[in-house]
Structures are given as C-alpha cells and as structure tokens.
Amino acid sequence: MIVPDVSQNAVAVVDHYDELDPIYRRVWGEHVHHGLWATGRETPGEAVEALVDTVGDRLGLRPGQACVDIGCGYGSTARRLAVTRGVRSTGFTLSAEQARYAAAHPVPGVDIQVSDWLTNGLADASADAAWAIESSEHMVDKPRFFAEAHRVLAPGGRLVICAWLAGNGASGWKVRHLLEPICREGRLPSMARARSMRRWQRRRALNSPGLRMSAAGLPGLGRSAPAGS
C-alpha cells in the first residue's frame, strides 16, 4: 500500500473536487475517468464510452436491474448504462458540485446522492450489480469498501472495479517521485497494490460464494486526453 506523506481523507477529497469542478469538466468532460482504446484510433470520447460499455458487459447487466455506481462523479456512467442497458442506478459522490451537475442532467432511473460509500445506508442485498471506476482509490478504508459491496449486493450480484494500482514491485524512487505525489495531489488516502486488492476480493468472495467480482486487466486502458485535443 502506497500512502502519501501528507494524510488525505474524505474532507480533502470533497474540497478537491468541489474547488476544481470547472477545470475537471473542461479537461475531462462528463466522465472523470480514463478511456479504453481497443484499436488506438478511438477519440477520447469514444474510448471513455468504450470503457463504460465494457464495464456494463462485465457486469452482465439486464433491463430492470438495480445497480450502484460507487464514486459516480457527474453520474455520466450511470446515465449511459440506464439508457443503453435499461438499469436503475443509485450513484454516490462526495462532491456537492458533481451532484449539482448530475441533477441538472436527469435521466429516468438514476438517483445521485451526496454521501460516503463507506456509510451509504443502502439495505442489505438490495443491488444486482455495482461498479467503481477510479473511485476506490479515494476510499480511506479499502477493506470496508469491499465489505460494503459484499453487504449491499444480492446473492449472484457482480462488482467491477477499475482502479489506479501500484505495481507489486514498485519501490524506491518510483514510490517517492511518482506514486506518492499522485496520491498527494490526487487526494488519494492510499494507492493499493494489485495483490492487496485481490486479497480483499478473495476474502469477501469466500465469505459470499454468490458474489462475483471482476478483476481482470483491460488492455488498452489509458488516460483520456483533454476535450478538443
């Protein structure tokens, strides 16, 4: 686990996204996450939507299912999957600015809440599927992140995570000059290593045989370029 030299918490995450909201929307657009390039010829917008669609495929979404978008940002992933897959989604963001934008762009079946996923208040076994696209990094307590997914998902439910992870062999200058600064500037309380995420995943899967978590790598995953570039 990579931990920044300046402690980060949920309050720091809120301040970061609320303060930089106009910049994020100008640079990243409605989807505050990377894209998936299958051919390398996709535009940034196409790549971002390709990632969302791939997440929907991995989840095996079906019309009418109840879903959870953990760290939903502006709610764009939830809106796209509501339109393309016919699912109902509850999204969680810490940022009031992001939720305000989502409220101004409503889609039937999508409910965006300003709330911490770690204290989400959803009923046990109330969701058929959940996803976290580059949001688990902001969780102060990552084992609890998995525990809440385990609690909220119904038997047979699926969870897909796309995350920034430190390589298992990362050390020395990579940690000091690359990973710690990313955590500090991106307001990440910590950056997990791949083996840690898999360990937490396996631990929860063993406790709930019906829960399926997708942790396979996605070739072609990369940063979305600024809009208009």
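**Salt bridges up close**

Aspartate 124 and arginine 151 join their side chains in a salt bridge, at 2.7 Å from N to O. This pair ties together distant parts of the chain, 27 residues apart. Aspartate 124 sits in the loop between strand S4 (110-114) and strand S5 (127-133), and arginine 151 in helix H6 (residues 142-152). A salt bridge here is a side-chain nitrogen of Lys or Arg within 4 Å of a carboxyl oxygen of Asp or Glu. Helices (H or I, at least four residues) and strands (E, at least two) are DSSP runs, numbered from the N terminus.

This is a predicted model: local features need pLDDT of at least 70, side-chain atom pairs count only at pLDDT 80 or more, and totals for chains, interfaces and linings use all residues. Residues are numbered from 1 along each chain as its sequence is written, and side-chain values use heavy atoms, leaving out hydrogens and water.

Aspartate 124 is exposed, at 54% relative accessible area. Arginine 151 is partly exposed, at 23%. The cut-offs are under 20% for buried, over 50% for exposed and in between for partly exposed (1.4 Å probe, protein chains only).

The whole structure holds nine salt bridges. One of them pairs arginine 80 with aspartate 53, at 2.9 Å from N to O. Arginine 80 lies in helix H4 (residues 76-85), aspartate 53 in helix H3 (residues 44-59). Arginine 80 is partly exposed at 22%; aspartate 53 is partly exposed at 21%. Glu49 joins Asp53 and Arg80 in a network of salt bridges.

Arginine 184 also forms a salt bridge, with glutamate 185; their closest N and O atoms are 3.6 Å apart.
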